[in-house]
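Before reading the points below, please open the structure and keep the sequence alongside. Each point takes up one place or one topic.

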Amino acid sequence: PGHQYRGAIKIKREAGNLQPYPWAQGLRGGSRLFWVVERNVQMRKIDVMLNTAARKLVRNERGGIIGLVAEHQGQSISIRAGKGVILACGGFEHNEEMKRQYFEAQHVYGVTSIGNTGDGIRMSQEVGADLWHMWHFHGGYGFKFDDYPVAFRHTISGPRVEDRIMPWIMVDRFGKRFVNEYQPAPQDTGARALGYYDPDLCMYPRIPSYLIFDEDGRLRGPLGIPIFTTENTERYSWSEDNAAEIERGWILKADTLEDLAKAINQRGHARIEPEQLAATVRRWNTMVQHHADEDFGRPPGTMLSIDRPPYYALETWPVVSNTQGGPVHNARQEILDVNGQPIPGLYAAGELGSIFGHLYLEAGNIAECFIGGKIAGQNAARQQDSH
């Protein structure tokens with residue numbers, strides 16, 4: 001108790017090029033982690049079937065899981081399980097229908113693998129699994145553009161979290177600030193304030209929202225971070241000074257705040273009165289001068305004035321890094337049915353039915369993958385032959 005434990009990975013120079021993992025290069029250490037996983041698969045001579053999609057679990061007459069039906073190169077194949085099946089299929093970040101049914105906020109865009117479409121949830125439901133935590137997703141706020149397949153996270157630069165200046169404020173569709181933009185857990189609670197539904201207006205007034213910043217803010221570093229790409233899309237590299245994104249039309253630019261409000265309105269989502277946006281920024285600059293966010297309690301060290309033209313706006317949406325919902329499992333990683341009983345031979349690992357149901361423990365999901373996966377594998381290996 002009271003101790004923290006962590007592991008570190010050092011890769012020798014001759015270990016090879018980490019470029020084969022371009023989807024993991026947006027986050028610190030991602031490529032190294034994939035390298036370690038692949039090396040362990042190779043050393044243990046584990047068979048891997050690529051381009052093979054699991055479609056349906058197969059049960060015996062007693063209801064136990066004895067294998068699955070998969071699709072490989074357009075052909076349906078059956079795979080027998082000697083001990084059981086472990087579902088490690090990820091979540092449903094890119095299943096639009098499931099997000100409509102389970103998320104309060106609409107729309108929420110995925111920043112990760114487009115293969116995470118809830119397949120494991122559907123397969124486990126079909127054999128009687130109960131579900132939990134379906135509303136809860138791990139995400140913050142970020143950016144989605146029509147000409148790129150996945151969303152971007154926002155990013156800020158600095159040596160330590162408490163010293164990082166966030167150069168923007170966030171306003172709703174009416175030009176009003178509504179939240180501490182610098183959330184203590186930016187990739188969990190960061191999206192929640194955007195999900196407010198106004199019953200009088202019958203709309204989500206904060207979806208989308210808009211990041212507002214000035215020339216000093218633009219020059220502080222890239223505002224977005226791409227953490228995933230698709231196989232057929234070159235991974236995007238966000239420019240250091242955000243100039244390329246202005247050129248692409250992703251970031252709006254104007255000489256005055258009033259003109260910036262008009263440019264935002266032309267996009268079709270917002271109804272910002274020009275004077276309202278100017279008043280919001282004046283209020284912000286006054287609080288920066290007094291080193292206190294009296295409205296929403298943002299940490300003083302993160303605050304920066306917005307007073308050097310030109311001014312900029314970046315349309316902002318709730319984004320999901322990973323979902324937490326899925327089939328219920330116990331401490332043995334056994335998937336449970338609606339009566340709380342284990343479904344024989346069926347296990348879950350990782351994001352599929354995460355144990356986190358209200359607040360995400362930072363770095364917890366990756367621990368779930370490796371620790372939960374090990375527990376599932378050990379318990380599956382110990383059970384009697386599923387046949």
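1. In this predicted model, helix 6 passes helix 7 in a right-handed crossing. The residues that make the contact are Leu257, Glu258, Leu260, Ala261 and Lys262 on the side of helix 6, and Pro274, Glu275, Leu277, Ala278 and Val281 on the side of helix 7. Sorted by class, this contact of helix 6 with helix 7 has 7 nonpolar and 3 charged residues, and no polar ones.

2. For the chain as a whole, the secondary structure comes to 8 helices and 18 strands. Of its 387 residues, 48% count as buried.

3. Where does glutamine 333 lie? Its place is the loop between strand 16, residues 326–327, and strand 17, residues 334–336. Glutamine 333 is not a glycine, and yet its phi is positive, at about 70°. Most residues other than glycine have a negative phi, so this backbone angle deserves a look in the display.

4. Leaving out residues up to four places away in sequence, glutamine 333 touches Leu346, Tyr347, Ala348, Ala349, Gly372, Ile375 and Ala376. One of these residues, alanine 348, has its backbone oxygen 2.7 Å from a polar atom of the glutamine 333 side chain.

5. Is asparagine 51 buried or exposed? Its relative accessible area is 72%, so asparagine 51 is exposed. Asparagine 51 is found in the loop between helix 1, residues 30–43, and strand 1, residues 52–59, and its phi is near 50°, which is a positive value in a residue other than glycine.

6. Arginine 206 belongs to the loop between strand 10, residues 169–171, and strand 11, residues 209–214. Its relative accessible area is 18%, and arginine 206 is therefore buried. Apart from neighbours within four places in sequence, arginine 206 is in contact with Asp172, Arg173, Phe178, Ala193, Leu194 and Tyr196. The C-alpha atoms of arginine 206 and tryptophan 317 are separated by 8.4 Å, while the two residues are 111 residues apart along the chain.

7. Isoleucine 207 and proline 208 are joined by a cis peptide bond, with omega at about 0°, and proline 208 has its place in the loop between strand 10 and strand 11. Proline 309 and proline 310 are likewise joined by a cis peptide bond, again with omega at about 0°, and proline 310 is found in the loop between helix 7 and strand 14, the latter covering residues 311–320. By way of background, most peptide bonds are trans.

Notes:
Residues are numbered from 1 along each chain as its sequence is written. This is a predicted model: local features need pLDDT of at least 70, side-chain atom pairs count only at pLDDT 80 or more; totals for chains, interfaces and linings use all residues. Side-chain values use heavy atoms; hydrogens and water are left out. Helices (H or I, at least four residues) and strands (E, at least two) are DSSP runs, numbered from the N terminus. A polar contact is a pair of N or O atoms within 3.5 Å; within protein, one must be able to donate a hydrogen and the other to accept it, and residues adjacent in sequence count only if both atoms are side-chain atoms. Contact means heavy atoms within 4.5 Å. A crossing is left-handed if the near helix is turned anticlockwise from the far one by less than a right angle, and right-handed if clockwise. Ala, Val, Leu, Ile, Met, Phe, Trp, Tyr, Cys and Pro count as nonpolar, Asp, Glu, Lys and Arg as charged, and the others, Gly among them, as polar. Buried means under 20% relative accessible area, exposed over 50%, partly exposed in between (1.4 Å probe, protein chains only).
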